[in-house]
Amino acid sequence: MNNTTKFIGYAASFILVISFFFPKYNPTLFLIFNSLGCILFVLYGFLLGRNWPIIIPNSIIILLNVFNLFGISIVEIIVNFFKSSLNL
């Protein structure tokens, strides 16, 4: 593991920790910082040689953060999908 990879891992950890200072006071800032940390962790996972246990959960968290950032309810999407599929 080279120094760049280590730096990205430490930066991802630092940004992720910083994000948890914001949820109560500024949820949008929390989602942005949390997503940035997760993006760095995904990059870190690829730099470690496609380390899927790092890449997959952080990718899912990024997706959830983007949905929440734009006020999209995942539960509502799933319910509407099944309603339309079952013609309810």
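Ile-15 counts as buried because its relative accessibility is 16%, where buried means under 20% relative accessible area, exposed over 50% and partly exposed in between (1.4 Å probe, protein chains only). The model is predicted, so local features need pLDDT of at least 70 and side-chain atom pairs count only at pLDDT 80 or more, while totals for chains, interfaces and linings use all residues. Residues are numbered from 1 along each chain as its sequence is written, and side-chain values use heavy atoms, with hydrogens and water left out.

**Surroundings of Ile-15**
- Helix α1, which spans residues 3–19, contains Ile-15; helices are DSSP runs (H or I, at least four residues) numbered from the N terminus.
- Beyond its neighbours within four places in sequence, Ile-15 is in contact with Phe-33, Leu-36, Gly-37 and Leu-40, contact being heavy atoms within 4.5 Å.
- Cys-38 lies 23 residues from Ile-15 in sequence, and their C-alpha atoms are 8.8 Å apart.

**Nonpolar core**
- The largest nonpolar core has 13 residues, of which Leu-40, Phe-41 and Tyr-44 touch the most other members; such a core is a set of buried Ala, Val, Leu, Ile, Met, Phe, Trp, Tyr and Cys residues joined through side-chain atoms within 4.5 Å.
- At least two residues of this core come from each of α1, α2 (27–47) and α3 (52–69).
- Tyr-44 is in contact with Met-1, Thr-5, Ile-8, Gly-9 and Ile-54, leaving aside its neighbours within four places in sequence.

**Leu-69**
- Helix α3 includes Leu-69, which is partly exposed at a relative accessible area of 34%.
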